[in-house]
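Here is a short report for a first look at this protein chain.

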Amino acid sequence: MNRYETTGHLLLTPVDREAPARVVRLREMNLGERVEAELDAFARRVAQTLDAPYAGVNFVGEERQFFAGLHHGPDAAASGYPARVLPRDHGYCPHVVVRRRALVLEDVRDFARFAGNAVVDESGIRSYLGAPLTDRRGIVLGTVLAAVLGTVCAADVVPRRWGLAGLTTVKALAAELTELLQQRGDRPA
């Protein structure tokens, strides 16, 4: 059963009606259950490109999120955070998945919906930038059906002005990885 907490009238973890179908598709694509060196390398590239201490390739399920690709700088490694597996109500990637669009938080404490998130207290994360990874499964009446599988994201322990350049960059990186995952998913088993 999904657990949702509220602060006043704000829903901290968004309702995700597509999660069961996403989990099935992730299994079909053999994603979201194991660490992948290729995705760790991609996360490292995201961190370097955005000059961020944390970056990840995150697949969001019904109850948890799994960072199949993860990068953290040497200072972050000592804290043990970020973890490969987080509850679905931790962090900001589930919001990107449900919203189906990028999310820029220059200072998470500026937003009541996001300031109370467990990653703020447990990791000191103060800024976040993430974009969705989509899966194009088919065409119905000329419309591409796109499901969101997860995110490409970066985070920092200080407030960051990601700006339009950061947003454009994370979206481009997500589109690049989406294409790579799509090609991999199209290969015969």
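Contact here means heavy atoms within 4.5 Å. The model is predicted.

**Leu103**

Leu103 lies in strand E6, residues 103-105. Beyond residues up to four places away in sequence, Leu103 touches Tyr92, His95, Val96, Phe114, Tyr128, Leu129 and Gly130. Its relative accessibility is 5%, so Leu103 counts as buried. The C-alpha atoms of Leu103 and Cys93 are separated by 8.5 Å. These two residues are 10 residues apart along the chain.

**Arg126**

Arg126 sits in the loop between helix H6 (118-123) and strand E7 (127-140). Is Arg126 buried or exposed? Arg126 counts as buried, because its relative accessibility is 19% and the cut-off for buried is under 20%. Leaving aside neighbours within four places in sequence, the contacts of Arg126 include Leu105, Glu106, Asp107, Val108 and Arg109. Asp156, Val157, Val158 and Pro159 are also among them. With Asp107 there is a polar contact, side chain to side chain, at 2.7 Å. Arg109 is 17 residues away along the chain, and its C-alpha atom is 7.0 Å from that of Arg126.

**Salt bridges**

The count comes to 12 salt bridges.

| Pair | N to O distance |
|---|---|
| Glu18 and Arg100 | 2.9 Å |
| Glu36 and Arg34 | 3.5 Å |
| Arg161 and Glu106 | 3.5 Å |

Glu18 and Arg100 form a salt bridge. The pair links distant parts of the chain, 82 residues apart. Glu18 is in the loop between strand E2 (10-11) and helix H1 (19-28). Arg100 is in the loop between helix H4 (93-99) and E6. Glu18 is partly exposed at 37%, and Arg100 is partly exposed at 38%.

Glu36 meets Arg34 in a salt bridge. Glu36 is buried at 7% relative accessibility, while Arg34 is partly exposed at 38%.

Arg161 and Glu106 also meet in a salt bridge. Arg161 lies in the loop between strand E8 (143-156) and helix H7 (163-186), and Glu106 in the loop between E6 and helix H5 (112-115), so the pair ties together parts 55 residues apart in sequence. Arg161 is exposed at 74%; Glu106 is partly exposed at 28%.

Salt bridges also link Asp16, Arg22 and Arg88 in a network.

**Confidence**

The mean pLDDT of the chain is 82, and 80% of its residues reach 70 or more. Over residues 1-11 the pLDDT is below 50. Residues 138-145 stay under 50 too. Where pLDDT is low, the predicted coordinates should not be read in detail.

Key:
Residues numbered from 1 in each chain as written. Heavy atoms only, no water. Helix = DSSP H or I, 4+ residues; strand = E, 2+ residues; numbered from the N terminus. Buried < 20%, exposed > 50% of the residue type's maximum accessible area, 1.4 Å probe, protein only. Polar contact = N/O pair within 3.5 Å; in protein donor to acceptor, adjacent residues only side chain to side chain. pLDDT = per-residue confidence, 0-100. Salt bridge = Lys/Arg side-chain N within 4 Å of Asp/Glu carboxyl O.
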